[in-house]
Amino acid sequence: MRTVKEVSEITGVSIRTLRYYDEIGLLKPTAFTESGYRLYDNKAIERLQEIIFFRELEIPLVYIREIMDNPDYDKKQTLSMQKSLLEQKRNRLNGIIELITDIMKGDNAMSFEGFSNEEIQTILDHTFSCMSKEGLEEQAKQHGGMEKYREYLTAGFQNEQVMADIFRWYGGKGKALGAILQSDGSVGRFEKPQEEIAKIYRQFMKAKETDDDELAGNTVKQLAEIYKELFMLDNARNILLDLAKEYLQKQKLAEVTDSQYGEGCSEYAAQAIRKYYGI
């Protein structure tokens with residue numbers, strides 16, 4: 001048996017709160033000392049732990065009592081549910097913390113100011129310098145000359161929605177510009193990541209077939225690391241959530257993914273991504 005003071009020290013729940021839980025019938029003491037002090041056994045402390053988990057999910061006390069006093073209450077199932085919901089809450093908070101960190105660095109992800117014309121031309125000059133002479137000439141020919149090709153690419157950078165998405169992925173215009181100018185345009189750098197991505201989607205299918213939530217979460221984490229390296233991102237949260245959105249809208253990419261890795265792969269991957277990031 002432990003005293004109310006000891007329970008408070010172990011769990012971090014104040015003595016006043018423990019007394020209140022007793023008053024409303026949420027957590028009754030196991031026994032009382034001759035002097036009238038509350039005592040709690042291990043079973044009571046375990047119940048208190050479950051109450052703490054419910055409170056982290058911001059569930060009102062009256063509902064917690066109803067749930068836990070229900071004759072059909074399944075402790076194991078409830079703990080699994082609490083774990084899943086708290087993981088989603090944690091991941092959502094991690095995303096917010098990442099955004100705050102970017103803003104503190106001076107990269108305001110909520111700013112949708114586009115590239116200036118000077119910046120666009122710098123990007124295009126860099127892109128052309130990374131292309132082979134033959135490749136550049138072929139593209140220019142297809143678009144009616146070099147100037148027409150430059151105008152075509154410039155228009156793409158002036159698409160407000162597209163650029164807003166890119167800035168969200170990178171956490172600001174400055175980081176997006178830096179990543180673009182660091183790229184050497186090499187096709188080879190995409191070959192190994194594509195092989196790794198293929199392995200990851202096969203893992204998604206394995207997790208789907210075995211109903212393995214832990215494997216699904218680890219797979220999303222691996223995919224995020226590849227995207228970070230591939231696109232030179234600080235974090236992959238926004239780009240993966242956009243990918244999940246496209247999958248759930250049954251766009252062409254979802255069809256291609258399912259044809260490559262199995263029916264339902266795109267939807268399962270999308271749900272795993274959303275769950276991992278607390279959406």
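This is a predicted model: local features need pLDDT of at least 70, side-chain atom pairs count only at pLDDT 80 or more; totals for chains, interfaces and linings use all residues.
Residues are numbered from 1 along each chain as its sequence is written, and side-chain values use heavy atoms, with hydrogens and water left out.

**Helices**

- Helices here are DSSP runs of H or I with at least four residues, strands are runs of E with at least two, and both are numbered from the N terminus.
- Let's start with helix 9 (residues 160-170), whose buried residues are Met-163, Ala-164, Ile-166, Phe-167 and Tyr-170. Looking down the axis of helix 9, you'd find these buried residues within an arc of 165 degrees, so they line one face of the helix. That arc is taken from the directions from the helix axis to the C-beta atoms.
- "Buried" means under 20% relative accessible area, "exposed" means over 50%, and "partly exposed" is in between (1.4 Å probe, protein chains only).
- What do the buried residues of helix 9 pack against? They pack against helix 8 (146-157), helix 10 (173-182) and helix 12 (213-231), with contact meaning heavy atoms within 4.5 Å.
- Over in helix 8 you'll find Thr-154, which counts as buried at 10% relative accessibility. Leaving aside residues up to four places away in sequence, Thr-154 touches Asn-117, Ile-120, Gln-121 and Leu-124.

- Three strands make an open sheet in the order 1-3-2, with antiparallel pairing. Strand 1 (2-3) and strand 2 (31-32) sit at the edges with a single partner strand each, so one side of each has no neighbour in the sheet.
- Two strands pair if DSSP finds at least two bridges between them; strand 2 and strand 3 (residues 38-40) have two, in the antiparallel sense. Phe-32 has Arg-38 in strand 3 as its bridge partner.

**Aromatic pairs**

- Rings of Phe, Tyr and Trp (its six-membered ring) pair if their centres lie within 6.5 Å; planes under 30 degrees apart are stacked, over 60 edge-to-face, and the rest tilted.
- That rule gives six aromatic pairs. One of them is Tyr-201 with Phe-204, edge-to-face at 5.6 Å centre to centre and 65 degrees between the planes.
- Both Tyr-201 and Phe-204 lie in helix 11 (residues 191-210), three residues apart, about one turn of the helix. Both are buried.
- Ring pairs link Tyr-201, Phe-204 and Tyr-261 into a cluster.
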